[in-house]
Structures are given as structure tokens and as C-alpha cells.
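Hi everyone, thanks for coming. Have a look at it, and then we'll go through it together.

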Amino acid sequence: MIEEELGWGEEDSAVYRALAEVAVPRREEQLATLLCLLPFGSDDAFRIVDLGCGEGVLEYAALTAFPNASVLALDGSASMREHAGALLTPFGERAKVREFALEGDDWLGELDGADCVVSSLVVHHLTDDGKRKLFSEAHKRMGDGGTLMLIDCVQPQRGEGVRLFADAYDAISRQQSVERSGDTALFDRFVDERWNIFRHPESSEMLSPLSHQLAWLVQAGLEGVDCFWLNAGYAVFGGYKSGGAAQGGLSMGNALDAVRAALEANRS
Ligand SMILES: C[S@@+](CC[C@H](N)C(=O)[O-])C[C@H]1O[C@@H](n2cnc3c(N)ncnc32)[C@H](O)[C@@H]1O
């Protein structure tokens with residue numbers, strides 16, 4: 001069970017579900033970018049483990065784009081697991097949803113032989129040491145040619161960057177609110193909830209600088225480490241384990257179609 005004192009409780013899960021389409025910068029493009037970086041062709045059979053799956057949107061998109069893939073979706077929030085389980089029902093045995101505590105280690109065995117370890121907007125709940133340990137365990141345990149690919153908010157190292165990300169995050173959230181519902185109601189709630197992490201930092205949100213995390217990924221043994229996308233302080237970054245036969249990834253068009261289908265299913 002998820003613990004409030006670890007920085008995320010059921011109230012946060014409920015607010016996130018209400019705000020995600022406004023509070024995640026360019027969510028469609030962000031998730032599609034991650035899908036494009038998975039080193040598999042659309043017909044390949046491979047196994048994905050997602051750390052902190054939330055509602056299961058990433059799983060839905062991945063299983064749509066890769067019809068022979070399977071996913072293990074882990075989350076500490078009971079309500080999130082319930083949502084993910086319902087959303088992923090159409091995929092039957094290809095999707096499994098289970099409880100985990102990110103900071104624990106009793107679930108690390110689930111990474112053994114995984115082809116893709118992914119996580120979206122979750123790893124910033126770990127300390128620097130926790131992130132380094134996760135990157136190292138993922139590299140050690142995943143299959144040859146696999147990938148660790150993350151989406152997360154990252155910490156600017158100077159005040160200029162903090163102000164830039166805070167302002168850009170407000171601007172994009174406001175724009176997405178108007179695009180989504182024709183008014184600023186969702187943005188107003190985003191402001192009321194103090195959701196802009198760069199304007200309202202919290203001790204339980206342990207953002208680390210992107211350059212540090214890229215270095216830790218390299219130190220963990222990953223190759224091809226890079227940041228592939230960055231918008232309003234939210235980054236898509238990761239690397240690959242050597243070995244295996246590198247496959248061309250998805251096209252952005254196919255990835256966007258899969259993400260749009262997932263978001264549509266999640267709305268209905
Ligand atoms: C911001 S949401 C992101 C959900 C999803 N990955 C997405 O991108 O939409 C963070 C998720 O991480 C989960 N989470 C946060 N801290 C956790 C922890 N310490 N252990 C397990 N899950 C945690 C929450 O329950 C929530 O579903």
C-alpha cells in the first residue's frame with residue numbers, strides 16, 4: 001500500500017487523474033517519443049515492465065502499437081491499479097497489474113530478463129542514491145539489447161532554469177486547459193493544487209539534474225544514453241543494454257496513433 005509520508009497518497013492519485021491531460025506537458029508527444037525509442041519492431045514479442053503505471057495509459061498505447069508485446073504494470077496506489085486493470089482488460093493476459101513500493105527491493109526480480117524497463121513521472125520519488133541503484137539494477141537484470149527509458153521532471157541547476165521551467169510549465173498547462181475544454185478551469189485547479197513542481201518544490205519530490213541522471217545511466221553500464229525530448233522541465237531520457245539485435249523502432253505517426261487511442265479509451 002502506498003504511504004502518504006513517502007510523498008504520494010490516494011488524494012494525489014485522484015488529483016493526477018483529474019489533471020493529467022493538462023498537467024503533463026504535451027502528453028501525447030511525450031508518450032509517443034518513449035514508444036519510438038523502444039528497440040523493437042511492431043511485430044516483435046517482448047516484455048515491458050512499467051514502474052508506477054498510474055492509470056495504464058502507457059501500457060494501453062504500448063500494447064496497441066506492439067500487438068505481440070506483454071506488460072507488467074506496477075503501482076503503489078490501489079485506485080491507480082484499479083483504473084489500470086479496468087483500462088487494460090481488453091488486452092487479457094498480455095497485461096498484468098501488480099502492487100509495488102518503488103523504494104523497496106522485493107519487486108526487483110520482476111526486472112530479470114525484461115526487454116524494456118520504463119517509468120513515467122515516478123522516479124523523482126527516489127533519492128539520488130535510490131535512482132543510481134535503480135539504474136544499476138535495471139541494467140544488470142534486463143535482457144541483452146533491452147532499454148531503460150524514463151519520462152520524468154528534472155531539476156535545473158540554477159535559478160534561471162527554475163524560473164524558465166516554472167513559467168513554461170504554467171504556460172503549457174494553461175494552453176492545454178483551453179485546448180482540452182475551451183476554458184482555464186483545469187489550469188485554475190492546477191494552480192490551486194500548487195501542481196507546478198518548479199514553482200512549489202516539495203521535499204518528497206526529489207528531482208535530480210538531468211545531466212547527473214545521464215551520468216548515472218552511463219555509470220550503470222547503459223549505452224546510447226541521451227535525452228531525447230525536453231519540454232517545460234519534463235524529459236524523456238534513457239539508454240540501452242548492449243547485445244541483442246537492434247531493431248528499428250516505431251514511426252512517430254504509428255506511436256501517436258497508439259497514444260491517442262489510449263488517451264481516448266482512458267477518457268471513456
Ligand atoms: C504522476 S503519476 C504517473 C502515472 C503514470 N506513470 C503516468 O505517466 O501517467 C505517479 C504514479 O506513481 C505512483 N507512485 C508514486 N510513488 C510511488 C511509490 N513510492 N511506490 C509505488 N508507486 C508510487 C503513484 O501511485 C502514481 O500512479
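Predicted model: local features only at pLDDT ≥ 70, side-chain atom pairs only at ≥ 80, totals over all residues.

Which residues does Ala255 touch, not counting residues up to four places away in sequence? They are Ala32, Leu35, Cys36, Ala65 and Leu250. Ala255 also belongs to the largest nonpolar core, which has 73 residues. Along with Leu35, Ala61, Ala62 and Val117, Ala255 touches the most other members of that core. Helix α3, residues 57–65, gives this core its largest share, seven residues. There is a second, separate core of seven residues too, and Val22, Ala23, Val24 and Phe190 are among them. As general background, nonpolar side chains in soluble globular proteins tend to be buried together.

Now to strand β5, residues 147–153. How many of its seven residues are buried? Seven of the seven are, so to speak, under cover. Thr147, Met149, Ile151 and Cys153 point one way from the strand, while Leu148, Leu150 and Asp152 point the other way.

What about the neighbours of β5? Strand β4, residues 116–120, runs parallel to β5, and five bridges join the two. Val118, for example, has Met149 in β5 as its bridge partner. To get from β4 to β5 the chain passes through α5, and this β-α-β crossover is right-handed. Strand β7, residues 234–240, runs antiparallel to β5, with seven bridges joining them. There, Leu148 stands opposite Gly239.

Let's stop at helix α5, residues 128–141, where we find Ala138. Is Ala138 buried or exposed? It is buried, because 29 other C-beta atoms lie within 10 Å, and the cut-off for buried is 20 or more. Leaving out residues up to four places away in sequence, Ala138 touches Leu111, Val117 and Leu148. By contrast, Ser177 is 39 residues from Ala138 along the chain, and their C-alpha atoms are separated by 36 Å.

Last stop, the ligand. Which of the 22 residues around the ligand come nearest? Those are Gly52, Gly54, Gly76, Ser77 and Ser120. The shell divides into 13 nonpolar, seven polar and two charged residues. Helix α1, residues 10–23, supplies the largest share of the shell, with three residues.

That's the tour, and I'm happy to take questions.

Conventions. Residues numbered from 1 in each chain as written. Near = placed C-beta within 6 Å. Helix = DSSP H or I, 4+ residues; strand = E, 2+ residues; numbered from the N terminus. Nonpolar A, V, L, I, M, F, W, Y, C, P; charged D, E, K, R; others polar. Buried ≥ 20, exposed ≤ 12 C-beta atoms within 10 Å, placed from the backbone. Contact = placed C-beta atoms within 7 Å. Pairing = 2+ DSSP bridges. Right-handed = clockwise from strand over helix to strand, strands pointing away. Core = buried A, V, L, I, M, F, W, Y, C linked by C-beta atoms within 7 Å.
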